[in-house]
Amino acid sequence: MKSVHEIAQEVFDTYGVRVITDQERSGLPIACRPADERTCLTYLQQVLTRELSIYSPQVIRKSKLNEIILCQKLASEGQRRGGLTCAAFLGSLGLPFIRNKIYLNIKVGGGWQYMRAAFHHELFHMIDYFDDINGYYDQRWKSLNRPGFVYHKDRIDEQRAKPQRGFISEYAMDAVIEDKAEVYSYLLIDHRGTEKLVREDRILARKVVRMKELLHSFSSEFNEDFWSKRDAASISYAKSIVKKRS
Ligand SMILES: [Zn+2]
């Protein structure tokens, strides 16, 4: 059986991405602790290598991702997190002291499906940041929502909107960048289920079309063939966040 080190080396050789398992950080803005070797090994075998294999090395290189940090007890600004992305234009230069990183909390509940989705979610933040010169700014995506809708992070009060149509998950209602990353991760792991929801949700339908457009302009690899493969590999994950009226 391969060791953590051997798998990490293979990932680096294929994708040019370093897998870090001994990161220890405390304080703000990011805190995390290393996970045990066995958890890292299982995660590498069951999640990371499988999910990475969905992409060509070219797409991963284009995302400008330099490092994946596998950890536990991940917190950002004092809040527990499942994953985090640190992207910076300077990071794309490949300098050792400033790298584009994804932190993944590999000791969270939620099961394999959640862990798979979380990886693609964070990877999308990287793609989103580097797909154009505007970084995360995307006014057009905001305009896909129903008029008057304000993302939770854009609100001046603490009030949260009720779960509603137009969103693939409740977390998607937090901010444009989370909405996009959620749509992306759901499409990746449950294309069929997402397309099914879209048939009854015009706003979500527009978001899926726009997402596929954005991805195709990022890389021609996100083509019909890519989506039909994702469709065939769908697992049951997407479900409506709006309670059905009885
Ligand atoms: Zn996110």
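For the record, helices (H or I, at least four residues) and strands (E, at least two) are DSSP runs, numbered from the N terminus. My numbering counts residues from 1 along each chain as its sequence is written. This is a predicted model, so I keep in mind that local features need pLDDT of at least 70, that side-chain atom pairs count only at pLDDT 80 or more, and that totals for chains, interfaces and linings use all residues.

**Entry 1: partners of β3**

Which strands pair with β3, and in which sense? I take two strands as paired if DSSP finds at least two bridges between them. Strand β1 (residues 18–20) pairs with β3 in the parallel sense, over three bridges. Strand β6 (residues 101–105) also runs parallel to β3, and five bridges join them. I noted C71 there, with N105 in β6 as its bridge partner. On the antiparallel side, I found β2 (residues 30–34), with four bridges to β3, and β4 (residues 79–80), with two bridges.

**Entry 2: S76**

Next I looked up S76, which sits in strand β3 (residues 67–76). S76 turns up in two bridges: it is the β3 partner of I30, and it stands opposite Q79 in β4.

Buried or exposed? I looked at the C-beta count for S76. My cut-offs: a residue is buried if 20 or more other C-beta atoms lie within 10 Å of its own, exposed if 12 or fewer, and partly exposed in between, with C-beta atoms placed from the backbone. S76 is partly exposed because 16 other C-beta atoms lie within 10 Å.

I then listed what S76 touches, leaving out residues up to four places away in sequence: P29, I30, R81 and L84. Contact here is C-beta atoms, placed from the backbone, within 7 Å. I also checked E51, which is 25 residues from S76 in sequence and 25 Å from it in space, C-alpha to C-alpha.

P29 is in the loop between β1 and β2, and the peptide bond joining L28 and P29 is cis, with omega of about -5 degrees.

**Entry 3: positive phi**

I checked two non-glycine residues for backbone phi. K73 has a positive phi of about 50 degrees, and its place is in strand β3. K73 counts as partly exposed because it has 15 C-beta neighbours inside 10 Å.

E77 also has a positive phi of about 50 degrees, and I found it in the loop between β3 and β4. Those two strands form a hairpin with two residues between them, and E77 is in the turn. E77 is exposed, since 9 other C-beta atoms lie within 10 Å.

**Entry 4: the core**

Which residues have the most contacts inside the largest nonpolar core? A nonpolar core is a set of buried Ala, Val, Leu, Ile, Met, Phe, Trp, Tyr and Cys residues joined through C-beta atoms within 7 Å. The largest has 57 residues, and the ones with the most contacts inside it are L70, I102, Y103, L104 and V183. This core takes at least three residues from each of domain 1 (1–130) and domain 2 (134–246).

Apart from neighbours within four places in sequence, I102 is in contact with L65, I68, I69, G83, T85, E122, L123 and M126.

**Entry 5: where the domains meet**

The chain is divided into domain 1 (1–130) and domain 2 (134–246), with bounds that come from an automatic or database domain assignment. Their C-alpha centres lie 22 Å apart. The contact takes 13 residues from domain 1 and 15 residues from domain 2. On the domain 1 side, the elements giving two or more residues are α3 (57–62) and α4 (111–130). The largest share of that side, 10 residues, comes from α4.

I sorted the domain 1 side by type: five nonpolar, five polar and three charged. In this scheme, Ala, Val, Leu, Ile, Met, Phe, Trp, Tyr, Cys and Pro count as nonpolar, Asp, Glu, Lys and Arg as charged, and the others, Gly among them, as polar.

**Entry 6: helix α7**

Last, I looked at α7 (residues 191–198), where the buried residues are H191, T194, L197 and V198. Seen down the axis of α7, they fall within an arc of 125 degrees, so they line one face of the helix. The arc is that of the directions from the helix axis to the C-beta atoms. What covers these buried residues includes α6 (176–189), α8 (202–218) and α9 (224–232).

Key
Two residues are in contact if their C-beta atoms, placed from the backbone, lie within 7 Å.
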